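Please read the following note beside the sequence and the three-dimensional view. The points are numbered so that each may be checked separately.

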Amino acid sequence: MEKSRLRAAILNAANQNAALVVKNANIVNVFTEEIITGDVAVRDGIILGVGSYTGREEIDAKGAYLVPGLIDGHVHIESSMAHPSRFANVILEQGTTTIIADPHEIANVCGADGIQYMLDQTEWLPLSVFFMLPSCVPCTAFETSGAKLTAKDMEQFLHHPRVAGLGEVMDYVATISGDGEMLDKLELFRGRPVDGHAPLLTGDLLNAYCVAGPHTDHECSNYQEVLEKLRSGMRIHLRIGSANRGIEEVMKKIAEHRLPTRRMMFCTDDKHLENIREEGHINYILRRAVANGIPAMQAIQMATINAANTYALKGYGAIAPGYRADMVLFDNLRDFNPVMVISGGNVFHPDTDVLLKPDPKIYNSVHLAPRKPDALELRVCGKTPVIRLVPNELLTELDMLEVPSENGLFTPKDGLVKLAVFERHYASGRVGLGILSGMPIKNGAIATTVAHDSHNLIVAGDNDADMFAAIDALEACGGGYAVVSGGKLLARLPLPVAGLMSDAPLSKILSAQQALLKAAAELGVTTSSDPFITLSFVALPVIPSVRLTDMGVFDVTNMAFIDAKRMETGGNL
């Protein structure tokens, strides 16, 4: 805060010169873990004090609970599939007033131009958006990304006021082996927040990872993993997004063992707008935490001040003098349904947002080579690797199975579907082929250019004709999601912004998302956990235990391709 503004804030507080007062509220104090009945005075977006006040504008809370604005500790805006301004309106309605965003999705497609685009597009939003600079662009050397970011490339953003630190360090192999390029990035952010990404990493390898610098993790899938990482000094995000919903069992264990929660926070990571509108955002995780036995006061701390402390966001996460006036009024501390949201001292009212002029460097990002007729032919012999989805998790398992075939070529049936990843940045024609179980598509195909983290085009289906049709549909619209059956396009959501986001009005995005889910259900795919996010993560070679990239089937546990020959030949034997 500049000196003149600070001086004005001090004098306004001393003289009770409030512009807005929220009166008669039950105010949640996250420092003392108590509820205080009183008023909150605000001016120029800053809280002047808590007590008894009058102001030019007064809002009677009528005894409702006033909670600090909620904070999402780790989120990829791009995964909402919406332009940042549309995304902001949807989550502000749910009480989230601040996010820690990692733009590694768009950076993997567009590099530094993508990061600058996200900074520009979030500059004037009522939502506070802080960024962690992507550490892994590309994610690994085992896939083809659209860009590469070195420590030198990142220096230009280092001192931006909304850059909080270094984004999730996903390449744990490079990190614990002391890779020079990764160490350059870690050194660049020494002393600042560094996010981790270390699913199931344990023992000496976890120790080495922590020594390298990452100090948070959002990939814990069981209580013992949470406990070990807390003991190692890490801070833990409890994540519930659209596809990763297994953390509730962990919440129950945290409550059962009365595990201290001061170093835990909440995040969504990846959540579609339709799911946010339907159930909530961080307020939904609050609701589930309390339902699973975590005391409401601790859960609120996890949703507010804990995240602010983790990312050194001074003046965020609490209702206290000098803090930013981000507050949410709830009628109770069980359901966490917002009655009113105040962001930066202003009552939030969703309205029409203004988009900046489209950046040609960000649009027109899908560059596919012409498809060969045999591009999807997968030759098999004997036991073949199958990627098996784990319900409600991003984890997968490797099965070696005798699979159905005709003339030596895999034939989808018995719950097994064909999977393909097409390189889409340089029109190289490279295709990785595999087999997927756990997504029993019948008479159709699902495809998307959202394929973490390099965002090539991934498609799954039970017949080649529909798979090719889905690919064609995405190429025609500049990327997005598509569902095809019998050669007919059942649903499509164009994502022309880097093949990741839509700049369409919110109503059109939500309508398209609903149509996609309905179409997926028609193909026999369960939609209790978002199948589109699930499919997007099947290409991510840093989450155990097996994935498919444009280079082939990849064993994450051993960091090696299962079929080197397939990798070398670009997808076809």
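Leaving aside its neighbours within four places in sequence, with which residues is Met327 in contact?

1. Met327 is in contact, beyond those neighbours, with Val22, Val40, Val42, Ile47, Leu66, Val67, Pro68, Gly69, Ile319, Met340, Val341 and Ile342. Contact here means heavy atoms within 4.5 Å.

2. Basis of the note. This is a predicted model, in which local features need pLDDT of at least 70 and side-chain atom pairs count only at pLDDT 80 or more, while totals for chains, interfaces and linings use all residues. Residues are numbered from 1 along each chain as its sequence is written, and side-chain values use heavy atoms, with hydrogens and water left out.

3. Confidence. The pLDDT is the predictor's confidence in each residue, from 0 to 100. The protein chain averages a pLDDT of 93, and 96% of the residues score at least 70. Over residues 564-573, however, the pLDDT is below 50; this stretch has 22 contacts in the model beyond near neighbours in sequence.

4. Nonpolar cores. A nonpolar core is a set of buried Ala, Val, Leu, Ile, Met, Phe, Trp, Tyr and Cys residues joined through side-chain atoms within 4.5 Å. Buried means under 20% relative accessible area, exposed over 50%, and partly exposed in between (1.4 Å probe, protein chains only). The largest core has 173 residues, and Phe266 and Met327 have the most contacts inside it. Helix α16 (residues 506-522) gives the most to this core, with eight residues. Another core, of 27 residues, lies apart from it; Val380, Val386, Ala473 and Leu474 are among its members. In soluble globular proteins, nonpolar side chains tend to be buried together.

5. Helix α10. Helices (H or I, at least four residues) and strands (E, at least two) are DSSP runs, numbered from the N terminus. In helix α10 (residues 248-256), the buried residues are Glu248, Val250, Met251 and Ile254. They lie on the same side of α10, because they cover an arc of only 150° around the axis; the arc is that of the directions from the helix axis to the C-beta atoms. Their cover includes α9 (223-231), β12 (235-239), β13 (264-267) and α12 (282-291). Just after α10, Arg258 takes a positive phi of about 50°.

6. Two strands pair if DSSP finds at least two bridges between them. An open sheet has the order β27-β28-β29, with antiparallel pairing. β27 and β29 stand at the edges, each with a single partner strand, so one side of each is left without a neighbour in the sheet. Four bridges join β27 (residues 546-549) to β28 (residues 552-555), and these two strands form a hairpin with two residues between them. Thr549 has Gly552 in β28 as its bridge partner, and Arg547 stands opposite Phe554. Two bridges join β28 to β29 (residues 560-561), where Ala560 is the bridge partner of Asp555. This second hairpin has four residues between its strands, and Met559 in the turn has a positive phi of about 50°.

7. Met170. This residue is found in the loop between β9 (163-169) and α6 (172-176). Met170 is buried, with a relative accessible area of 0%. Leaving aside neighbours within four places in sequence, Met170 is in contact with His104, Ser135, Cys136, Cys139, His197, Asp453 and Val542. Met170 and Thr140 are 30 residues apart in sequence and 8.2 Å apart in space, C-alpha to C-alpha.
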